[in-house]
Structure formats: structure tokens, C-alpha cells
Amino acid sequence: MKEKSTSKFTFSILQLQNLAKRDPQSYYEEFQTHYQHFQAVLQLFKFNPHEYNDNFADLVNFLSHVSRCYKEELKDFPDQLMEILRENATVLDPSMRMCLVKALILMRNRDVLLPTDLITLFFELLRCKDKVLRKLLQSHIVSDLKKVNAKHKNLKVNTVLQNFMFKMLADSNVTAARMSLDIMVELYKRNIWRDEKTVNAIATACLAKDNKMIVKAHQFFLNTDYEIDTDDSDSEDDTSALKAITATTKVNKKSRKRQRLLDRAKKALKKSKKQKKNKENCNFAAIHLLHDPLGLAEKLYAYIQKMNEAFQMKILVMNLISRLIGVHELILLNFYPYLTRFLRPHQIDVTKILVCAAQATHEQVPPDVIEPLIKTILFNFVTEKNSSEVITVGINAIKEICTRCPLAIDSDLLHDLAQYEKYRNKNVTSAARSLIRLFREINPKMLHRKYQSRPTEASVELNQKNYAYGALNTKSYIPGTEALSLDPPAVNTVEDEKAYDSDGSWIDVSHSEDEVSCDEEDMNEKNDNKISKSAESSSNKSDDVLPKKSKEKGETCDVADSKKSEEKDKTCDAADSKKNEEKNKTCISDDLKAGKDKAEAISQSRILSQKEFEDIRIAQFKKKVSFAKGKKRKSEITQPDIARSEIVSLGDIEKLAKRPKMDKEARLAAVMEGREGRENYSKKRNTKNPLASKTQKQHNKNKAFMMIKHKVKSKIKRSFRDKQLSLRNALLKRKKQYK
């Protein structure tokens, strides 16, 4: 009888719930009776909270659905449920606790409850040993805060909840602290709480007592959010620069020099596009928002020295310390000797430690501190006793360190590393060439003369740079403005409209001064060659006109005179070469000074327009391609744009140009993998029935030799013709059998 009464009661309450939502006033009396019944059952439930009550659960569900219809009557109902959960959260039956939580979520979704009161309660409920409940609470907190901050940032709600969540990170209950950290990380990733307060709160978890919290906080700061660039602005700029260079070859007279310039421009453009494609665009907003990065790095360094955890944990902390030093350019001098302990080829995950060493270097670190680090890499990795893979890893690590701190290596050590360009292994040679290309870009003076390429106009400007430690290389002008005219361009003129086609391509471009001077030099060289050839031919003719006797007499005198003239020519050539070098140096310095003065005058006098910035970009691109005046050394490799990112990946250290040889086990595994599924493609053979009897040939194999002795003798005495005929007959017989 009791079961029938409860089923009827639930049916009536569900029916009343549907009717009360449609017409609240008509069913007000029924609602009052059920609410009074709830108050009576509530008093009984408080005596036994650990037991599940069906009647109480149905009443809670009914009142939560009708709470929006009777707001004044049910204004104390949410507080009563929250009080039950606060006092008896750990004692309640799991299904009963889940019922109360779902009722509160339902009322919050219908704006009956404030978010601050409910979310603070839910954070306290994270202490419960109920995994399903914790997942529900986490998803609701994240979705509710997303809804609150959808239109605009609700600072009042955010500040109250953030202050409460920061206390939860230091809670004695480990599960509650872990869940609160997970919620904060997810809110940051979803761009809901992406502010300094959240980041600095997560930073406190880096020094927590729980290892899982430490790993989660470190992974948060070390994680990279890759941004996909949808804008093609860089590619458009490069194509416009290439159009400006190729315009001269389209309009003007074609020459070999202009074609060479065009080919070099295309190669440089192709290389820059490839580097932009491979470059990692990382978002380190979390690390940049830290209030005290130096204090955090020092605390982590003190923590790692006393650490007794697994080595993978130690590498994780090392990685974060190095990232903090590299991003914020901190000076933590004790960290570099600590890294040298682990720089051995046999060390576990030594490439990750090399990544930390490269990330922790920057231009503000004294070179005397980083020099021992590089020497340990040289002595332990870049030696001929090691394998080629170990040498390449060492050279790649030194290259990554030098990209961030060019003064860390001496010219003698650099020359020794550059000689690995002719090593017997391709991986080592490619690593050495990449190091040479790096210093061609950042500091060509440190390279030996034979490793320097033919200098361009951009590299000549680099040679004027002061590379001393702590030297200020700030510029009072925008580089590239010397290519502009001193007079500001007129706005919306007819010439601008004629200069560009509707597609954006150039129609007519005038010669620059450099091209005109280069063309004149080519013409002068051709004229000099013609004059020298005509002089030689005239001298040969005059020699033919002289008589034979005078020639014979003057031969001895000519030998002596020729020796004297050769010695004079050598001394004169040496003096002339020195004078020419000095003249070239003075001319280059004068040109640079004039260009700087012009650039300062332009950049300080007016605001540049967008078109002028495009012209500057084109001029800077031309400097990388066009060779400097007076420099006649050939260069096979064009200077690339070195991408100096804040992060060093394992691929940069473990970069191998050629795949290493496989060992025996790897080769066998590859062979067996290739044999899989090849049974269907094997050659089909005629197999006999296994139940059939043996042939006479098979029987003869098991017979005694004396039984077949007479047959063997007859076979030996047979001639070649007899053997041929018997073989033919046997083959014909076998062919008939298998038809």
C-alpha cells in the first residue's frame, strides 16, 4: 500500500508542476500545501541526513522547477538547501547530494540565485569524495562564469570569486586545491579570466606541496598557444618588393647584371617565405603577465636544488626557469653552472637540458658567465671521439646560444667550429654551415676571411655596429628612410595614380643612382678592355715590323728589363691595392654618414605615410640582395633572416640533415613490416595432394646405393646428346602431366 501511495503522490506532483508553470495563480493553494509539506519533511530530514528520502527529493525537485513562478514565497528556499549542503556535505547520501546540487543549478540557470553565493558553495563542495559530483561542479562553474562575462567583464563578480579561489589553492584538501587549479587554467584558456590576477595566482601553485599541482602549473606556463595567421600581409609586402625590383628588367634594357639581381631577389624571397612558414608564432601572455618573475625564478632555483623527485620533474622546473630568464631577460648567474653538471652525452634527456641552456641566454647576460657553458658543450660533445649525431647536437646547441648572445663565443673557437664544414658526415657539415650563416648575419667580423661572403649593403651597416657588452645601439632614425626624398610627397596627386596599375603592379619605374653608376662602370670596363686589346694588337704589329738582328741583340736586355719591371709592378700593385682599400673604406664611411644624416632629417621632420613605409621596405630588401660597392668577393650563399624566437624547440637541437643509419634490429623490423600482407601477391605454385603416394624419384632417394648402381653407371657413360634428349623427353612428359 505504501508503494502505491508514493507512486500516486509523485504522479500528482509532476502533473501539478506542469500545470503550475502554465497558470501559477490558479494552482496557488496546491502549491502552498506542498510547500508546507516540504517544511515538515525538512525538519525530519535534518535528524537523519545520511539516509535517502524519496519524498523529500520529489518535493525539492518540484519547488526548484516552480521557483520562478512563486519568487516571494520561495525566497528562503535556496538558502535552506545551501545550508543543508554546507553543514552535511560529507555526510549526505551521494544521490541525495546530487539531487540538491541539480536543484540549485536549475534555479541559478533561471536567475533565481546570485552567481557569487552558489559558486563559493560549489568550491567548498569540491572537498567531497565524489568524482561525478566534482565533474558536474567544474563544468557548471566554467559555463556559468562564461555566461556572466559574455557581454562584458563583470568585475564585481570576478573579484569576489577570484579572491575565494585563491584561498582554495592553499586549501588543506588536496583534491579541492587540484580542482580549483584546473578550473582557473581552463578559465584562462577560454579567455574568460585572462588577467594578471589569475596568472599570478596560478604562479603560486608552482611551489605547492602536491606534485600534481606543480606539474599542472608548470605545464600551464610552458604550454604554447599556436596562432594561425589568416592575414597575408607579409606575403603581400614581399611580392610588392619583388615587383619593385623586377620593374627595371621589364621596362629597361636587359642585361646580365639585372638578371643576376633578379635571380638573387627571387632566392631571398623564397628563403624568407620558407622561414616565415616554419617559424613558430607562440603566445606567452601568461609568462609576460607575472608581477615578480625574478622572485619566482629564484624560488624555483632554490626549490630545484633541494629536490628529491624524479629527473623528469627536475627538467620541467629547469625549463620554466630558463623560459623566465629568456623572456624577461633576468640575470640569474648561478643557474648556468648548475646546468653544466648535466651536460654529458650519456645523460638522460640531454637535448632537453641543452634547450634549457639556449633559452636561458640573452644579450644582457655577461659573456664570461656563458663562455664556460659553451666550453663544456665543446669539450663533451664537439669532439672526434663522439659520434656524428652527438657533434651535430653540440654545434646546434652552440648556434642557438649564439643567436641570443653573440658575444658568448670567441673568434678562435668560432674558427675551430667553422672548420667542421669539411667534416666527413653531412649532418656535421650542415650544422657548421648554419653556424657560419648565423654569424654572417649578426657579426661578420668574427668569421675568418675565407668564411665571409661577399658583403651586401646590409652587412656593411652591420660592420659599423658596436658589439661590445653593454653597448647601446639605439638609433635616432628609422632605418631605410635614407631611400626617401627630403621633400614630403604630395597627397592624391596624378603621378601616384599613374605609378600604380589597377592590379597594384608597377608600370614605370625610374633608375636609381646605384643602377646608373653600376651601368656606367660596366660600360667603362668594356671600353677599357677594347682599348687594352687594341694596344696589344698594335704592339704585336710593331714587333713584326722590327728587323731580326735588332731583335736578337735586344733579347738579353729585354730579359733584365722585364725582371726589373715585374718587381716594380709588384710593389706598385701592393701600394695601389692598399690605397684603393683605404679609399673604399673612406667612401663607404662617408656614404653611411650621409645616409644617417638624411635618415635623421627625414624621420625627425615629418610623419611617414603608408606608401613611404612600403618604399622603405623595398629599399631594405634591395640592401640584402645588392652587393656593396668596391667588394668583389663572390658569395654562394645569400644571407638569411634569422628568426630569433623566445622558445627553443627540440627540433632545433636535434636537427639532422641526413637520416642516421639503422641498426640490425631496426632493419629487421622494417623488413618484417614490409613483408606483411604479401602472401596474396606471392607466386602461385602447383602443390600436390598431401594424401597422394610418392613418386619413383622420391623412392629412389631412400634406396641403397647398390640397388641403383647400374643406373648411375649408365648415366655416367651417356653422351651429351643422350642427356639432352632425355631431358627433353622428361620436360615434355612433365608438361603433359600438369595440363
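Contact here means heavy atoms within 4.5 Å.

**View 1. Overall fold of the predicted protein chain.** In this predicted model, the protein chain comprises 32 helices and two strands. Among the contacts in the protein chain that link residues at least 6 apart in sequence, 73% join residues at least 24 apart. Of the 739 residues in the protein chain, 36% are buried, while the chain exposes about 47,400 Å², of which carbon and sulfur atoms supply 51%.

**View 2. The largest nonpolar core.** A set of 150 residues forms the largest nonpolar core of the model, and the residues with the most contacts inside this core are Phe56, Phe221, Ile409 and Phe439.

View 3. Ala397 lies in helix H20, which covers residues 388-404. Because its relative accessibility is 0%, Ala397 counts as buried, the cut-off for that term being under 20% relative accessible area. When residues up to four places away in sequence are not counted, Ala397 touches Leu354 and Ile653. The pair Ala397 and Ile653 is separated by 256 residues in sequence, yet their C-alpha atoms are 5.7 Å apart in space.

Definitions and conventions:
Residues are numbered from 1 along each chain as its sequence is written. This is a predicted model: local features need pLDDT of at least 70, side-chain atom pairs count only at pLDDT 80 or more; totals for chains, interfaces and linings use all residues. Side-chain values use heavy atoms; hydrogens and water are left out. Helices (H or I, at least four residues) and strands (E, at least two) are DSSP runs, numbered from the N terminus. Buried means under 20% relative accessible area, exposed over 50%, partly exposed in between (1.4 Å probe, protein chains only). Accessible areas come from the Shrake-Rupley method with a 1.4 Å probe; for residues, only the protein chains shown count as cover. A nonpolar core is a set of buried Ala, Val, Leu, Ile, Met, Phe, Trp, Tyr and Cys residues joined through side-chain atoms within 4.5 Å.
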